[in-house]
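Thanks for asking me to look this one over. Here are my notes, written to be read with the model open beside them.

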Amino acid sequence: MNISKIIKRYKYFLIFLFVLILVSIYNNEFGVYAFKNIKSSLIQMLSVLPPVMILLGLMDEWIPREYFMKYMGDGSKILGILLSFIFAFFAAGPMYAGFPFAAVLLKKGVKFSNIIIFLNAWCVTKFSTLLFEIGALGYKFTLYRLIINIPGIIVMGYIIDLLVNKKPHKI
């Protein structure tokens with residue numbers, strides 16, 4: 001691979017690295033703090049993504065495309081929505097771990113609105129998050145928030161599906 005392709009591919013990373021170096025020169029204490037945060041985030045990401053990728057690879061090989069199309073595809077209706085919420089409810093890890101899973105769902109023929117519902121539900125209805133929220137804010141607040149958020153997630157999924165499917169796109 002030649003150097004121009006590498007620079008083109010990683011241009012944003014290189015720009016931000018250059019800016020961070022300039023900031024470090026100007027304010028060394030802030031630069032060291034920023035690099036420590038980057039290191040911490042990188043370690044966290046490297047501890048989460050490999051198991052996720054292994055599980056996704058196994059799911060991709062073991063579960064046939066036809067199952068996903070049948071239960072979460074274009075004709076899935078309420079079952080596809082329900083399965084999207086169930087997958088998200090039992091998900092573990094930060095939001096960036098959900099994107100590779102969404103890519104596999106897209107590859108398997110899952111309806112786009114169900115993928116959007118899954119990604120939004122990952123943020124809002126994850127079991128571990130709900131337990132923390134109930135402990136910190138109380139069950140009433142959590143219940144009211146879910147009553148408001150769940151219909152919003154479904155509506156948002158279908159609106160985005162309509163907007164995306166109007167335009168031709170390549171996957």
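The points below go through helix packing, aromatic pairs and a few single residues.

1. A word on the source before anything else: this is a predicted model. Please read every value below as computed from that prediction.

2. Let's start with helix α6 (residues 98-107) and helix α7 (residues 112-124). Their axes come within 10 Å and cross at roughly 165°. An angle over 145 degrees counts as roughly antiparallel, so α6 is roughly antiparallel to α7. The crossing of these two helices, α6 and α7, is right-handed.

3. Which residues make the contact of α6 and α7? From α6 they are G98, F99, F101, A102, L105 and L106, and from α7 they are F112, I115, F118, L119 and W122. Sorted by class, this contact of α6 with α7 has 10 nonpolar residues, 1 polar residue and no charged ones.

4. Just after α6 comes G109, which takes a positive phi of about 90°.

5. Now for α4 and α5, whose axes come within 7 Å and cross at roughly 115°. Angles of 65 to 115 degrees count as roughly perpendicular, and α4 and α5 are therefore roughly perpendicular to each other. On the α4 side the contact is made by F68, Y71 and M72, and on the α5 side by L79, G80, L83, S84 and F87. By class, the contact of α4 with α5 has 6 nonpolar and 2 polar residues, with no charged residues.

6. How many aromatic pairs are there? The count comes to 5. One of them joins F87 and F101, edge-to-face, at 5.9 Å centre to centre and with 85° between the planes. This pair links distant parts of the chain, with F87 in helix α5 (residues 77-89) and F101 in helix α6, 14 residues apart.

7. Are F87 and F101 buried or partly exposed? The cut-off for buried is under 20% relative accessible area. F101 has a relative accessible area of 14%, so F101 is buried. F87, at 31% relative accessibility, counts as partly exposed.

8. A second aromatic pair is formed by F89 and F127; it is edge-to-face, with 5.3 Å centre to centre and 65° between the planes. Here too the pair links distant parts of the chain: F89 sits in helix α5 and F127 in helix α8 (residues 127-137), 38 residues apart. F89 is partly exposed at a relative accessible area of 25%, and F127 counts as partly exposed at 42%.

9. One aromatic cluster deserves a look on screen: F87, F101, F118 and W122 form it. Of its members, F101, F118 and W122 also take part in the contact of α6 with α7, while F87 is among the residues in the contact of α4 with α5.

10. Finally, T125. Where does T125 lie? T125 is in the loop between α7 and α8. With 5% relative accessibility, T125 counts as buried. Leaving out residues up to four places away in sequence, T125 touches F85, A88, F89, L130, L146 and I150. F89 on that list is a partner of F127 in the second pair described above.

Methods: Residues are numbered from 1 along each chain as its sequence is written. This is a predicted model: local features need pLDDT of at least 70, side-chain atom pairs count only at pLDDT 80 or more; totals for chains, interfaces and linings use all residues. Side-chain values use heavy atoms; hydrogens and water are left out. Axes are lines fitted to C-alpha atoms, for helices over the stretch in contact, and angles run from 0 to 180 degrees between N-to-C directions. Helices (H or I, at least four residues) and strands (E, at least two) are DSSP runs, numbered from the N terminus. Angles under 35 degrees count as roughly parallel, over 145 as roughly antiparallel, 65 to 115 as roughly perpendicular and the rest as oblique. A crossing is left-handed if the near helix is turned anticlockwise from the far one by less than a right angle, and right-handed if clockwise. Contact means heavy atoms within 4.5 Å. Ala, Val, Leu, Ile, Met, Phe, Trp, Tyr, Cys and Pro count as nonpolar, Asp, Glu, Lys and Arg as charged, and the others, Gly among them, as polar. Rings of Phe, Tyr and Trp (its six-membered ring) pair if their centres lie within 6.5 Å; planes under 30 degrees apart count as stacked, over 60 as edge-to-face and the rest as tilted. Buried means under 20% relative accessible area, exposed over 50%, partly exposed in between (1.4 Å probe, protein chains only).
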